[in-house]
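Please read the briefing below alongside the sequence and the coordinates.

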Amino acid sequence: MEVTMELSPALARIRTSIDGVQTELSAWSVELGRQLAGITGKIHGSAIDALALRAVQTLLSDPDRFIAGAGFVAGSGLVAVDQSYIAWWQGPDLERVDALANFSTSAMERYLRADWFRVPYETAQPHVTGPYIDFLCTDEYVMTFTHPVVLRQGGPVIGIVGADISVQSLERTLLGPLTALGPNATLVNKAGRVVVSAADGLEPGDLVAEEHLATSLPIGRHLMVLTTVISQ
C-alpha cells in the first residue's frame, strides 16, 4: 500500500541521496548530447573520451556522493557502422574500464545486452538496475543508474550515461535514515529486491513482500521504502 505522508528528515535524506544522482545524470545526458551534436564531421572515440572524462572526474571526486564508477556507452553507429563505444572509469584513480571492448564486437555485446544499457536505449527513459553483482566492472553488489542521450530533443537515443553505486556505500549512507523510519524499514527496487535494510536477516538481493498494512514510500521513479517487510 503506497501512502502519502509528511516528509520526515530521514525520508528526505534518502530521497535527496537518490535524487541527487539521478539529477546529475539527467543534466549530464543533456549536456553531453549537446556537445556531441556540436562536433563537425565524424565523431571519434578520442572526442568522446575527452568529453566524458571531464564529467566523470567531477562525479567521482564529489565527497558528498558515493559513486564508484561512471561513463558513457554509445549505441551502435555513433562512432562507426555496427560498432559501439564505451568510455567508463571507476575509482579514485580513474581506472579505465574494459577499453579493449572498443576493439572487439563480441566483448561489446556484453554491454549492449545489459539491462542498464538496453532499457534506456530502447525506451528513451531513465533506468535503475540492481542490486546485482557487477562482474563487468566492480565485482561488487551495485546499483546502476542510467539516462539516455540524444543529439537533439525528440531525436533517437545514441547512447547512455550512467553511474555505478556500490550497495556497501549506500548502506553506509542510508542505514541511519532507514533505522530512523523503523526497525524494519527497507529500501527495495520495483521488483521487491532489497537494496539496503534496517531489518535483521535481510540482505541485498533478497526478495521481500509487502504485508497487509505495510507502508510504501516512493523514492524516485524506481525505488521505494517499505516500513514493514517480510521475506518471501
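**Briefing on the predicted model**

Pro131 lies in strand S4, which covers residues 127–133; strands (E, at least two residues) and helices (H or I, at least four) are DSSP runs numbered from the N terminus. This is a predicted model, in which local features need pLDDT of at least 70 and side-chain atom pairs count only at pLDDT 80 or more, while totals for chains, interfaces and linings use all residues. Residues are numbered from 1 along each chain as its sequence is written, and side-chain values use heavy atoms, with hydrogens and water left out.

**Overall fold**

- The protein has five helices and twelve strands, and its C-alpha atoms fill a box of roughly 60 × 30 × 30 Å when this is taken along the principal axes.
- Of the 232 residues, 50% count as buried, where buried means under 20% relative accessible area, exposed means over 50% and partly exposed lies in between, with a 1.4 Å probe and protein chains only.
- Among the contacts in the protein with a separation of 6 or more, 53% come from residues 24 or more positions apart, a contact being heavy atoms within 4.5 Å.

**Helix packing**

- Two packed helices are described by the angle between their axes and the distance between the axes; the axes are lines fitted to C-alpha atoms, for helices over the stretch in contact, and the angles run from 0 to 180 degrees between N-to-C directions.
- Helix H1 (residues 9–37) packs with helix H2 (residues 45–61) at an angle of about 160°, and their axes are 11 Å apart. That makes H1 roughly antiparallel to H2, given that angles over 145 degrees count as roughly antiparallel, those under 35 as roughly parallel, those from 65 to 115 as roughly perpendicular and the rest as oblique.
- The crossing of H1 and H2 is right-handed, a term used if the near helix is turned clockwise from the far one by less than a right angle, with anticlockwise giving left-handed.
- On the H1 side this contact is made by Glu24, Leu25, Trp28, Leu32, Gln35 and Leu36, and on the H2 side by Ile48, Leu51, Ala52, Arg54, Ala55, Val56 and Leu59.
- The residues of the contact of H1 with H2 divide into ten nonpolar, one polar and two charged; Ala, Val, Leu, Ile, Met, Phe, Trp, Tyr, Cys and Pro count as nonpolar, Asp, Glu, Lys and Arg as charged, and the others, Gly among them, as polar.
- The axes of helix H3 (residues 105–113) and helix H4 (residues 115–123) come within 5 Å and cross at roughly 65°, and H3 and H4 are therefore roughly perpendicular to each other.
- Tyr111, Leu112 and Arg113 in H3 meet Asp115, Trp116, Phe117 and Arg118 in H4, and by class this contact has four nonpolar, no polar and three charged residues.

**Backbone features**

- The peptide bond from Gly130 to Pro131 is cis, with omega near 10°.
- Leu94, in the loop between S2 and S3, has a positive phi of about 55° although it is not a glycine, and Leu94 counts as partly exposed at 25% relative accessibility.
- Ala124, found in the loop between H4 and S4, has a positive phi of about 65° and is likewise not a glycine; its relative accessible area of 40% makes Ala124 partly exposed.

**Buried and exposed residues**

- Met143 is in strand S5 (residues 141–150) and is buried, with a relative accessible area of 0%.
- Leaving out residues up to four places away in sequence, Met143 touches a set of residues that includes Gly130, Pro131, Ala163, Leu170, Val195 and Leu223.
- Trp89, in strand S2, counts as buried at 5% relative accessibility; beyond its neighbours within four places in sequence, its contacts include Ala52, Val56, Leu60, Leu94 and Val97.
- Pro92 lies in the loop between strand S2 (85–90) and strand S3 (95–96) and counts as exposed at 81% relative accessibility.
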